[in-house]
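Here's a quick briefing to read alongside the model. Have the structure open and follow along topic by topic.

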Amino acid sequence: MTMETDANRMGAGLEGAEGAGGPAAADRAEAVATPRRTLDIVRRHGFVFRKSLGQHFLTDSRALDRIVEAAGLDKTRGALEIGPGIGALTERLAQAAGRVVAIEIDARLIPILEEVLAPYDNVVLIHADALRVDLRELWRTRFRDLAGVSAVANLPYYAAAPILMALLESRLPWERLVLMVQKEIADRICASPGGKDYGSLSVAVQYHCDAEPVCRVPPGAFVPSPKVDSAVVRLTPRRGRRVNVSDEKLFFRVVHAAFEQRRKTIANNIARLLGKEGKAEAVEILRGCGIDPGRRGETLSLEEFAALADALAASGKVTHSGFDSPIG
Ligand code: SAM
């Protein structure tokens, strides 16, 4: 295992120590992901869980099997893991993939990870906040020589949506994103138009990827147990876009506005973007796109949002200025 102390050193290139997988000794040792070994590691290091960092460590080998299987890794492929914790998933990724890069924010976990992952010469550990890492630079220095790269992670609840959006907005050619998130977030990611879960997160993710649920994971699969259910989703970025829009930021501004007040009609929500004579203009533009102005935003498909955003862009009355977050 190689170790980097911060994200700034990532440009230094490969140390050349990364091989094609862990040794037989590692296969013989007890896996990290059992309640017994997890508690043993935690106690031996005097580690105290930090809720604010979403620290719930996976101790269920069946859940790990499903995650690793969904990622479709082999020794020619790489995995980026965000938040390795004490290495339960990292260990399995090291066994399945050619190279693993794991980014952990909590300095107290670094010596534990160094110990647990010592048998694996194909793991690079980076001590950094994943939200501040330059993913393109990381890809260039760590992954460029591999046949494919997936992001595979049990994400901290508090930062799951921003980390997911950072992965997607990096525009890197991820093969797959296999992510464990809070069940409620998984439902929103995979939702279809018409349901209560469908919202700006669904549209933002499905703009980039095909999204499918993999499995549900109960609180008892973690130490300590979270209060909510978790679920694994698999996202497969599309080579071409499902929709093409003339102004992507405006598209996301329109999506955001459409869901801002879910009980209101799409005409009322869009009217607020148009200013004074907004309602009449919104109705006209919506009709021009073949969308009933009385519908609610949550019934519009990705294709309808794209048509609406393009019509608003063409009207010259709405711009994307001041808007940069697709999820709200
Ligand atoms: N992968 C481990 C597992 O499955 O057992 C741990 C998952 S735990 C849900 C989330 C991990 O993400 C914790 O180790 C936490 O310290 C780390 N983390 C939280 N915020 C982070 C951030 N911004 N960047 C990198 N790691 C982060």
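In which loop is the place of alanine 147? Alanine 147 sits in the loop between helix H6 (135-143) and S6. Before going further, note that this is a predicted model: local features need pLDDT of at least 70, side-chain atom pairs count only at pLDDT 80 or more, and totals for chains, interfaces and linings use all residues. Residues are numbered from 1 along each chain as its sequence is written. Helices (H or I, at least four residues) and strands (E, at least two) are DSSP runs, numbered from the N terminus.

**The sheet**

- Eight strands make up an open sheet with mixed pairing, in the order S1-S5-S4-S3-S6-S7-S10-S8; two strands pair if DSSP finds at least two bridges between them.
- Its edges are strand S1 (2-4) and strand S8 (209-217), each of which pairs on one side only.
- From one strand to the next, the twist averages 20 degrees.
- S8 and S10 run antiparallel and are joined by eight bridges.
- Arginine 216 has alanine 231, in S10, as its bridge partner.

- Strand S6 (residues 148-154) is largely enclosed by the rest of the structure, because six of its seven residues are buried.
- For burial, count the other C-beta atoms within 10 Å of a residue's own, with C-beta atoms placed from the backbone: 20 or more is buried, 12 or fewer is exposed, and in between is partly exposed.
- Strand S3 (residues 77-82) runs parallel to S6, and four bridges join them.
- Alanine 79 finds its bridge partner in S6, namely serine 150.
- S6 also pairs with S7 in the parallel sense, again over four bridges.
- Leucine 177 in S7 stands opposite alanine 151.

**Helix packing**

- Helix H9 (residues 200-208) packs against helix H10 (residues 248-260) at an angle of about 155 degrees, their axes 9 Å apart.
- That angle makes H9 roughly antiparallel to H10.
- The handedness of the H9 and H10 crossing is right-handed.
- Helix H3 (residues 61-71) meets H4 at about 45 degrees, and their axes are 10 Å apart.
- H3 and H4 are therefore oblique to each other.
- H3 also passes H4 in a right-handed crossing.
- On the terms: axes are lines fitted to C-alpha atoms, for helices over the stretch in contact, and angles run from 0 to 180 degrees between N-to-C directions.
- Angles under 35 degrees count as roughly parallel, over 145 as roughly antiparallel, 65 to 115 as roughly perpendicular and the rest as oblique.
- A crossing is right-handed if the near helix is turned clockwise from the far one by less than a right angle, and left-handed if anticlockwise.

**Around the ligand**

- The ligand is surrounded by 23 residues, and the closest are Phe57, Gly83, Gly85, Ala130 and Asn154; a residue is near a molecule or strand if its C-beta atom, placed from the backbone, lies within 6 Å of it.
- Strand S2 (57-58), helix H4 (88-96) and strand S4 (99-104) are the elements that give two or more residues to this shell.
- By type, the shell splits into 14 nonpolar, six polar and three charged residues. Ala, Val, Leu, Ile, Met, Phe, Trp, Tyr, Cys and Pro count as nonpolar, Asp, Glu, Lys and Arg as charged, and the others, Gly among them, as polar.
- H4 is mostly covered, with seven of its nine residues buried; Ala88, Leu89 and Thr90 are among them.

**Loop residues to check**

- Alanine 147 counts as exposed because it has 11 C-beta neighbours inside 10 Å.
- Alanine 147 and arginine 77 are 70 residues apart in sequence, yet their C-alpha atoms are 5.4 Å apart.
- Serine 52 lies in the loop between helix H2 (35-44) and S2, and is exposed, with 7 other C-beta atoms within 10 Å.
- Arginine 171, in the loop between helix H7 (160-169) and strand S7 (177-182), has a positive phi of about 60 degrees although it is not a glycine.
- Arginine 171 is exposed, with 11 other C-beta atoms within 10 Å.
- The peptide bond from valine 223 to proline 224 is cis, with omega near -15 degrees, and proline 224 falls in the loop between strand S9 (222-223) and strand S10 (230-237).
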